[in-house]
Amino acid sequence: MKIKTFLASSLACAALGLVTPASADGVQLKTSDLPGYEKAQTNCTACHSAEYMQYQPPTAPRPYWDAMVKRMKAVFKAPLDDADIPAIVDYLARTYGNEQPK
Ligand code: HEC
């Protein structure tokens, strides 16, 4: 029964093209000295690559990223520790959002 459930969910993921590990399409998170970088690597590339972050609007403000991270947790059950969320949001806003260094 457990194996069946596992297979069903991997198939669902594969159908969405989400089972591929982060490296599969070569899109890695942009490196950073921010503490959220490592946390994002651990928490944000298990289901999809960093391509998804790359395609977000560079004008996206911090609350957009905050909502995004929380949505990943609430909707897709990303195994995120609430304590890590602010650091990850900080990294995303400053690396992919409107707080990027000009
Ligand atoms: C448990 C699996 C899972 C984890 C872990 C996960 N995501 Fe996602 N993410 C998804 C799925 C599924 C989609 C596609 C859903 C859709 O098309 O709306 C997605 C889509 C996205 C998108 C595309 C925009 C959008 O609204 O669909 C972004 C950006 C994103 N994720 C960022 C993140 C970040 C940042 C993290 C880490 C905090 C993260 N994801 C962790 C499952 C996950």
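**View 1. Helix 4, end to end.** Helix 4 runs for 15 residues and covers 21 Å from its first C-alpha to its last, close to the 21 Å expected at 1.5 Å a residue (that expected span is 1.5 Å times one less than the number of residues). Helices here are DSSP runs of H or I with at least four residues, numbered from the N terminus. This is a predicted model, where local features need pLDDT of at least 70 and side-chain atom pairs count only at pLDDT 80 or more, while totals for chains, interfaces and linings use all residues. Residue numbers start from 1 along each chain as its sequence is written.

**View 2. The buried residues of helix 4.** Trp 65, Val 69 and Met 72 are buried in this helix; buried takes 20 or more other C-beta atoms within 10 Å of a residue's own, exposed takes 12 or fewer, and partly exposed is in between, with C-beta atoms placed from the backbone. Helix 5 is part of what covers the buried residues of helix 4.

**View 3. Around the ligand.** The ligand has 19 residues around it, and Cys 44, Cys 47, Tyr 52, Phe 76 and Ala 78 are the closest. To count as near, a residue needs its C-beta atom, placed from the backbone, within 6 Å. Helix 4 gives the largest share of this shell, four residues.

**View 4. Gln 56 in its loop.** Look for Gln 56 in the loop between helix 3 and helix 4. Gln 56 counts as partly exposed because 14 other C-beta atoms lie within 10 Å. The C-alpha atoms of Gln 56 and Gly 97 are 7.8 Å apart, though 41 residues separate them along the chain.

Technical notes
Helices (H or I, at least four residues) and strands (E, at least two) are DSSP runs, numbered from the N terminus. Two residues are in contact if their C-beta atoms, placed from the backbone, lie within 7 Å.
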